[in-house]
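Please have the sequence and the structure open while I talk.

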Amino acid sequence: MKVAILSRNKNLYSTRRLKEAGEAMGHEVDIIDTLHCYMDITSTRSSVRYKGEELPEYDAIIPRIGASVTFYGTAVARQFEMMGTFNINESVAISRSRDKLRSLQLLSRKGVGLPRTGFASRPDNIKDLIKNVGG
């Protein structure tokens, strides 16, 4: 298989280990800096470009997208998905996992035990919010 690891730093231990493990299994593995990717979005033949060249077709991508680049990183991952590349961590899952409030709301809806949590957008609600969650 031809695999791309989307990572900002090819020297990170976890990124290096993923590459080594993939190659040990006989796969061709490239490490691509997500922020150096840019997309050509068309209705006929979309592509991802990297440092002046169109990237080849990959069988799979492994996104290693840090919180600071979530928006752009998930856009790049989504572009690969739209082109038919298998993504081991889908872009929508990455986006959802970064939204901690949404995660808490979904867990509470399913009855998962959580510490009582308050959330407000205005400081004038804080006093009642603290009282409501028990201090």
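When I say helix, I mean a DSSP run of H or I with at least four residues, and helices are numbered from the N terminus. Please keep in mind that this is a predicted model.

With that convention, glutamine 79 lies in helix α2, which covers residues 70–82. Is glutamine 79 buried or exposed? Its relative accessibility is 7%, and because buried means under 20%, glutamine 79 counts as buried. Leaving aside residues up to four places away in sequence, glutamine 79 is in contact with Met39, Asp40, Ile41, Ser46, Ser47 and Val48.

Now to arginine 16, which sits in helix α1, residues 13–24, and which is partly exposed, at a relative accessible area of 35%. Arginine 16 and glutamine 79 are 63 residues apart along the chain, and their C-alpha atoms are separated by 24 Å.

Let me turn to the core. The largest nonpolar core has 15 residues, and those with the most contacts inside it are Leu6, Ile32, Cys37, Leu55, Tyr58, Ile61 and Phe80. The elements giving two or more residues to this core are β1 (2–7), β4 (47–50) and α2, and the largest share, three residues, comes from α2.

Finally, cysteine 37, one of those core residues with the most contacts, touches Ile32, Val48, Arg49, Tyr50, Leu55, Tyr72 and Val76, again not counting residues up to four places away in sequence.

Notes: Residues are numbered from 1 along each chain as its sequence is written. This is a predicted model: local features need pLDDT of at least 70, side-chain atom pairs count only at pLDDT 80 or more; totals for chains, interfaces and linings use all residues. Side-chain values use heavy atoms; hydrogens and water are left out. Buried means under 20% relative accessible area, exposed over 50%, partly exposed in between (1.4 Å probe, protein chains only). Contact means heavy atoms within 4.5 Å. A nonpolar core is a set of buried Ala, Val, Leu, Ile, Met, Phe, Trp, Tyr and Cys residues joined through side-chain atoms within 4.5 Å.
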